[in-house]
Amino acid sequence: MSTETRFSFLTKAEHFFINRNFLLLWSGQVLSTFGDFLFGTTLILWMVTFIAPGRSWLPLAVSALILAQSLPRFLIQPLAGVFVDRWDKRRTMLWMDAIRAILISFLLFASGILPIPFFPGGHLPLSWLLAIIYGVVFVASVCTQFFAPAQFALIGDIVAESELARASGWNLVVTNLAMILGPALASPLLLGIGVSWTFGFNAFSFIISFLTMLLVHPSREAGNAHTHSKGHIWLEFWEGLQFVSRNTVVRTLTISLMIAMFGLGALNVLDVFFLTQNLHAPTVLYGFLSTAFGIGSIVGTALASPLVPRFGFTRAFWSSMIAVGALILVFARMTNFLSALIVFGLLGIPNAANNVALEPLMLQITPRNLAGRVFAVLTPAWTLAYVVSVTLAGYAGSLVSWHVHMVILGITFGPIDTILIGTGLLVIVGGVFAMVSLRGITQ
């Protein structure tokens, strides 16, 4: 390929992906996001299949794993947003990638890749192994709480406002592709080559993300716009909190998503048990639910990216949320794996539309100097509801018998599908609340 042809190809690629900086940022997240989905699904399957199969406390252990990942969003991100608004966004992301790569590397030793001295058989006791898993997941999630608002703010700096919906769509493509491939490959890789390779790949993915971020160079004005301190940390946090509470759109987004997340946590904890108990399918098929959801999300993103700006971001947000809730109600009544797989795939379409609408809506409304703090107020609020949902679902799942059923008007309800019906209803309530609160707002 000649130099002129290569230059032309790169120019077209940069235009296709909005600009050079966004192309680099996006490409670095492709492998990293895939590694995260592979890692998360593998951990759950590792617990269910190898670490504690058949234990009565297993649902509680799975919910504890999700809590270890979710709690930092509530505990750390509010203050992380303050520091992100003070710090250089690119440098913050580089530090977080480096730390996460090191953390995941430590987990390799706990997985048994090498015999551990002073322990019987060279393996850690179960309690130690669980503690290390939860600890690594927790600290890695702490790093994510700095990385995510920094990335959110950096996109606002390197992407023009007219291109924000397209940027959101490209980011969702990364997530959706990772959601398709990561969970689907988790089970065969775990059973075929072992858990250590997955951990190694995830650590490697953060190194690739680090290297691509080194090549991102925002303009000097964008890089220095918000990297100064205005005063006391808590006063700066309070400034972001006041904006969230006073702005109608942001306040509504927060409350409606809190309502939805209060139900969705149960879906994430109980879906593997829904697979085995309600759908009567083996755990090896667990990853394919996420794969179907990812395929639906790819379709939804392709449709939503051009249509959502025309339809209106606020209207797209609440209408897609109601559609998500309705499909969860249908999914909860499934008793056949193939039917459930189709419904779960369809669920990804309105969910993608909801996500395409959400990020541009937030960036359009939020002043640049508050981007990190507003992001860091919204996410913990949603996470609080999610954490409560995960805790209650794990606790209930560990106490109830999967064989208990009730019959109402000739319809049989089991414990898991009943909880998932509640999930669907809560998501619909969140969408209706947004519809009523955002009436008349045309953004």
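User: How many salt bridges does a search of the whole structure find?
Analyst: The search finds 2 salt bridges. Please note that this is a predicted model.

User: Which residue does R100 meet in a salt bridge?
Analyst: The side chain of R100 meets that of D97, with a distance of 2.9 Å from N to O. Both residues belong to helix 5, which covers residues 89-110, and they are 3 residues apart, about one turn of the helix.

User: Are R100 and D97 buried or exposed?
Analyst: Both R100 and D97 are buried.

User: And what does D417 form with R333?
Analyst: D417 and R333 form a salt bridge in which the closest N and O atoms are 3.1 Å apart. D417 is in helix 16, whereas R333 is in the loop between helix 13 and helix 14, so the pair ties together parts 84 residues apart in sequence.

User: Why does D417 count as buried?
Analyst: D417 counts as buried because its relative accessibility is 4%, and the cut-off for buried is under 20%. R333, at 35% relative accessibility, counts as partly exposed.

User: Changing topic: at what angle do the axes of helix 11 and helix 14 cross?
Analyst: The axes cross at roughly 155° and come within 13 Å. Angles over 145 degrees count as roughly antiparallel, and the two helices are therefore roughly antiparallel to each other. The crossing is left-handed.

User: Which residues make the contact?
Analyst: Helix 11 contributes V249, V250, L253, L257, L267 and L275, while helix 14 contributes F337, F344, L358, L361, M362 and I365.

Note on methods: Residues numbered from 1 in each chain as written. Predicted model: local features only at pLDDT ≥ 70, side-chain atom pairs only at ≥ 80, totals over all residues. Heavy atoms only, no water. Axes fitted to C-alpha atoms, helices over the stretch in contact; angles between N-to-C directions. Helix = DSSP H or I, 4+ residues; strand = E, 2+ residues; numbered from the N terminus. Parallel < 35°, antiparallel > 145°, perpendicular 65-115°, else oblique. Left-handed = near helix turned anticlockwise from the far one by under 90°. Contact = heavy atoms within 4.5 Å. Salt bridge = Lys/Arg side-chain N within 4 Å of Asp/Glu carboxyl O. Buried < 20%, exposed > 50% of the residue type's maximum accessible area, 1.4 Å probe, protein only.
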